[in-house]
Amino acid sequence: MLPAVSRLTRRQDFGLVMRRGRRSGRSRLVVHALVPAPEQEVSMAGSVDAIQPTPDGALPSRVGFVVSKAVGNSVVRHRVSRRLRHLLGPRLAELPAGSQLVVRALAPAADATSAELAADLDAALRKLGRTPRGPSS
């Protein structure tokens, strides 16, 4: 489970990342990423009162998920959401401080295994230039 400080929850935050962030599409998901410039971190911290900096003063990386009814019924959508949350947990620490991601699942994600979703997620992050430090697991 992702900690509360690592989740995007407000509609405005999702919209900001999807409008201003970079996008990378794969067959099962689309990743939108917004990494603030160092001078923007201060202004972003002031605009979102729920985000607390980490002890070293950096803003935490945050992620949100969009899994629409096109993916499947409620059981299928929640399964896809759980898999994506599980995959992104360890990857959040490897992202630049203050990064915001929105992961949008597409219909083929319903039939995908966790390994297939992980491969698509890693490929999308690599394309966006948000590769993990060092070799991926």
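The side chain of Arg 28 reaches the side chain of Asp 120 in a polar contact of 2.9 Å (a pair of N or O atoms within 3.5 Å; within protein, one must be able to donate a hydrogen and the other to accept it, and residues adjacent in sequence count only if both atoms are side-chain atoms). This is a predicted model, in which local features need pLDDT of at least 70 and side-chain atom pairs count only at pLDDT 80 or more, while totals for chains, interfaces and linings use all residues. Residues are numbered from 1 along each chain as its sequence is written, and side-chain values use heavy atoms, with hydrogens and water left out.

Back to Arg 28: it sits in the loop between S1 and S2 (helices, H or I with at least four residues, and strands, E with at least two, are DSSP runs numbered from the N terminus). Leaving out residues up to four places away in sequence, Arg 28 touches Arg 104, Pro 108, Glu 116 and Leu 117, among others; contact here means heavy atoms within 4.5 Å. Arg 28 and Ala 110 are 82 residues apart in sequence, yet their C-alpha atoms are 8.4 Å apart in space.

Now for the sheet. It is open, with 4 strands in the order S1-S2-S4-S3 and mixed pairing; two strands pair if DSSP finds at least two bridges between them. S1 and S3 are the edge strands, each with a single partner, so one side of each has no neighbour in the sheet. On average, neighbouring strands are turned by 15° against each other, direction ignored. Here are the strands and their residues.

| Strand | Residues |
|---|---|
| S1 | 22–25 |
| S2 | 29–34 |
| S3 | 62–67 |
| S4 | 100–105 |

S1 and S2 run antiparallel, joined by 4 bridges, and Ser 24 has Val 31 in S2 as its bridge partner. Ser 24 itself lies in S1 and counts as buried, because its relative accessibility is 0% (buried means under 20% relative accessible area, exposed over 50%, partly exposed in between, with a 1.4 Å probe and protein chains only).

H3 (residues 74–92) lies across S2, S3 and S4, running at about 160° to S3; axes are lines fitted to C-alpha atoms, for helices over the stretch in contact, and angles run from 0 to 180 degrees between N-to-C directions. H4 (residues 114–127) packs on the sheet too, touching S1, S2 and S4, and its direction makes about 35° with that of S2.

Among the buried residues of H4 are Leu 117, Asp 120, Leu 121 and Ala 124, and the buried set packs against S1, S2, H3 and S4. After H4 comes Gly 129, with a positive phi near 80°.

What about the nonpolar core (buried Ala, Val, Leu, Ile, Met, Phe, Trp, Tyr and Cys residues joined through side-chain atoms within 4.5 Å)? The largest one has 27 residues, and Val 31, Val 63, Leu 84, Leu 101 and Val 103 touch the most other members. S2, S3, H3, S4 and H4 each give two or more residues to this core, with H3 giving the most, 6 residues. Beyond its neighbours within four places in sequence, Val 31 contacts residues including Ser 24, Leu 101, Val 103 and Leu 121. A second, separate core of 5 residues includes Leu 8, Val 17, Leu 34 and Val 102.
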